[in-house]
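Biologist: Hi! Could you walk me through this structure, one piece at a time?
Modeller: Happy to, let's open it up.

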Amino acid sequence: MNITYFVAGMASGLSVASFLIGKELYRFYIKSKIQEKQLIRMMKLNDKIKKSFSSETAEMSN
Amino acid sequence: MRNRYKFTFIGFCFLADLLAMVFGALIFLKFAKNGEMEWSTLVTTKTIRVTLICWLFSILYFQLYQVGTLFSLDVFYGKSWRSFLLQRILWQTYVFIFQGGNLLFSFGKSANLFQLSFLLIYFLISRILFALILARIKKSTLKPFNVAIWGFNKTSIQLATQLETNSHFMHFKGIMNENSSEDYKSKSDFSLAITNAIHSASKNNINELYIVAKPNFINDLNSYFELGDRYCMRLKFVPDFSMISKVHYSTANFNNFHVIKPRHEPLQNGYNRLIKRMFDIVFSFFIILFVLSWLYPILAFLIKKQSKGPVLFKQLRTGKKNEPFWCYKFRSMYSNMGDESQQARKGDDRITPIGKFIRRTSIDELPQFFNVLSGSMSVVGPRPHMLQHTKVYNDQINDFMVRHFVKPGITGLAQVSGLRGETKKVSDMKRRVKADIKYVQQWSLMKDIKICILTVIVAIKGDENAF
């Protein structure tokens with residue numbers, strides 16, 4: 001079998017696999033980076049809501 | 001500035017891909033002329049033209065180089081792959097037709113192989129380069145387009161995530177008041193805070209400011225817009241409904257009226273419905289002509305031989321908009337063997353020997369292509385249930401009727417996801433309904449084709465829930 005065919009076929013396969021795996025890795029990297037920020041914001045919002053709730057109950061008891 | 005960079009980048013991508021296609025066609029021609037077999041002149045003389053037409057059709061169909069929307073690299077990669085795949089399918093079909101239906105020419109020749117290898121390597125390298133160029137553009141932009149959000153709530157956090165994910169051609173500065181502990185007690189406090197935020201945003205060179213707040217906090221939206229105009233800043237108001245709606249909803253504009261819907265439905269678009277109907281007609285016509293034309297008489301003979309009764313079994317089922325229709329199947333059970341409304345169970349003695357086979361392979365559903373041709377069903381969609389089952393499940397599952405917003409199908413997302421067969425518990429049906437609603441929300445022609453291919457694979461492999 002001609003070695004050129006083998007090399008061309010392997011290069012094609014590797015390119016497709018690298019493209020698809022790379023795409024998923026990129027998506028995972030971006031998602032994890034952004035989700036970390038989102039989580040920090042959610043925690044801040046949660047703290048804010050808790051604070052506001054506790055100050056409201058304190059006002060009502062007074 | 002963001003548009004200048006965006007247009008240049010997208011224009012560059014378009015030209016690079018186009019040149020790669022031309023170069024790929026030249027590689028094809030070089031090997032086609034040197035090859036041991038003779039290629040048709042229709043293929044070799046029009047190679048570049050046909051390659052480019054196929055590529056242009058693909059990029060237009062998938063809208064690869066969109067400049068009007070927020071640029072997402074992830075979406076760009078996905079569309080690149082789909083466009084390339086469609087281009088190859090169109091090109092191979094052309095070669096197959098004009099090379100006298102010879103499959104060896106279509107796939108097995110060196111000209112095709114080297115052209116394909118070149119294009120695949122190009123797509124890998126070019127997409128890595130594009131990502132690096134994008135990162136470089138973002139770093140080296142002298143006057144970035146600054147975007148910020150004011151308002152700290154669930155909606156603003158979700159919006160920030162969206163903007164941060166796709167901030168290739170703009171600089172997202174974050175949520176301005178995310179660290180503020182201020183709590184606004186009255187409308188006037190809130191109004192003052194927004195006015196101060198607009199002033200401060202203008203000082204910080206913000207070009208676009210999103211105000212995310214509950215609508216009942218706003219007294220006069222126009223006054224804020226006017227203030228934004230005065231600072232030459234684009235002000236956008238995003239209503240925060242996170243406290244009144246816990247789930248995601250879809251919004252749209254209808255003649256300048258804001259419409260809030262519980263979900264996005266692509267099949268509400270007339271163009272999409274037309275595409276689906278055309279696909280249904282072509283697909284069902286093809287199956288009736290090439291499969292049912294010879295399979296029907298054979299099965300009719302076997303069914304009649306094994307048990308008395310008609311070849312086809314018809315039953316009233318719930319269709320689109322909750323309207324009943326007659327659903328046809330090959331009869332797989334003995335006639336007059338009790339309640340027809342009872343679901344088939346494993347080892348059901350009502351099933352005939354040929355019935356067992358046609359049920360396991362789903363061949364019993366093939367007459368439903370007549371339903372598809374008549375318009376009461378679709379090739380892909382939620383499976384239709386018996387009328388009494390619809391009534392029972394509608395009482396138990398809140399969003400059960402959403403699956404009836406579209407035409408029922410011969411196969412569906414739930415069926416290829418392993419959620420077919422008997423539903424012993426309500427939770428089984430809930431899972432199926434969830435998959436059906438996901439299909440209603442995410443419909444696309446490609447998804448329909450994918451489900452059709454997966455159905456064939458599932459039928460060949462055999463599903464343990466099919467009996």
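Modeller: One term before we start: helices here are DSSP runs of at least four residues, numbered from the N terminus. Also keep in mind that this is a predicted model.

Biologist: Thanks! Which helix gives the most to the nonpolar patch?
Modeller: That is helix α10 of chain B, residues 270-306, which supplies five residues. The patch covers about 580 Å² of surface, and B:Phe285, B:Phe286 and B:Leu373 are among its members.

Biologist: Where is B:Leu373 found?
Modeller: B:Leu373 sits in helix α12 of chain B, residues 368-374. Its relative accessible area is 34%, so B:Leu373 is partly exposed.

Biologist: Switching to sheets. What is the strand order in the open sheet of chain B?
Modeller: The four strands run β2-β1-β3-β4, with parallel pairing. At the edges stand β2 (171-175) and β4 (234-239), each with a single partner strand, so one side of each has no neighbour in the sheet. From one strand to the next, the twist averages 20°.

Biologist: How many bridges join β3 to β4 in chain B?
Modeller: Six, and the two strands run parallel. One pair to look for is B:Ala213 with its bridge partner B:Pro239 in β4(B).

Biologist: Which helix packs on that sheet?
Modeller: Helix α7 of chain B, residues 154-165, touches β1, β2, β3 and β4 of chain B. The direction of α7 makes about 160° with that of β2(B).

Biologist: Now salt bridges. How many turn up over all chains?
Modeller: A search of the whole structure finds 14. As background, side chains of opposite charge can pair when their charged atoms come close.

Biologist: Which residue in β4 does B:Glu208 pair with?
Modeller: B:Glu208 meets B:Lys236 in a salt bridge, 3.3 Å from N to O. B:Glu208 lies in β3 and B:Lys236 in β4 of chain B, so the pair ties together parts that are 28 residues apart in sequence.

Biologist: What about a pair linking distant parts of the chain?
Modeller: Look at B:Arg127 and B:Asp17, whose side chains meet in a salt bridge at 2.9 Å, N to O. B:Arg127 is in helix α6 of chain B and B:Asp17 is in helix α1 of chain B, 110 residues apart. B:Arg127 is buried, with a relative accessible area of 2%, and B:Asp17 is buried too, at 1%.

Biologist: And in chain A, what does A:Glu24 form a salt bridge with?
Modeller: A:Glu24 pairs with A:Arg27, the closest N and O atoms being 3.8 Å apart. Both lie in helix α1 of chain A, three residues apart, which is about one turn of the helix. A:Glu24 is partly exposed at 40% relative accessibility, and A:Arg27 is partly exposed at 34%.

Biologist: Last topic, loops! Where is B:Ser332, and is it buried or exposed?
Modeller: B:Ser332 is in the loop between β8 and α11 of chain B. With 6% relative accessibility, B:Ser332 counts as buried. Beyond its sequence neighbours up to four places away, B:Ser332 touches residues including B:Arg350, B:Ile351 and B:Thr352.

Biologist: And B:Asn179, buried or exposed?
Modeller: B:Asn179 is exposed, with a relative accessible area of 65%. Its place is the loop between β2 and α8 of chain B.

Notes
Residues numbered from 1 in each chain as written. Chains lettered and ligands numbered in written order. Predicted model: local features only at pLDDT ≥ 70, side-chain atom pairs only at ≥ 80, totals over all residues. Heavy atoms only, no water. Pairing = 2+ DSSP bridges. Axes fitted to C-alpha atoms, helices over the stretch in contact; angles between N-to-C directions. Contact = heavy atoms within 4.5 Å. Patch = residues over 30% accessible without salt bridge, like charges linked within 9 Å, V, L, I, M, F, W, Y side chains within 5 Å. Areas by Shrake-Rupley, 256 points an atom, 1.4 Å probe, with all protein chains shown as cover. Salt bridge = Lys/Arg side-chain N within 4 Å of Asp/Glu carboxyl O. Buried < 20%, exposed > 50% of the residue type's maximum accessible area, 1.4 Å probe, protein only.
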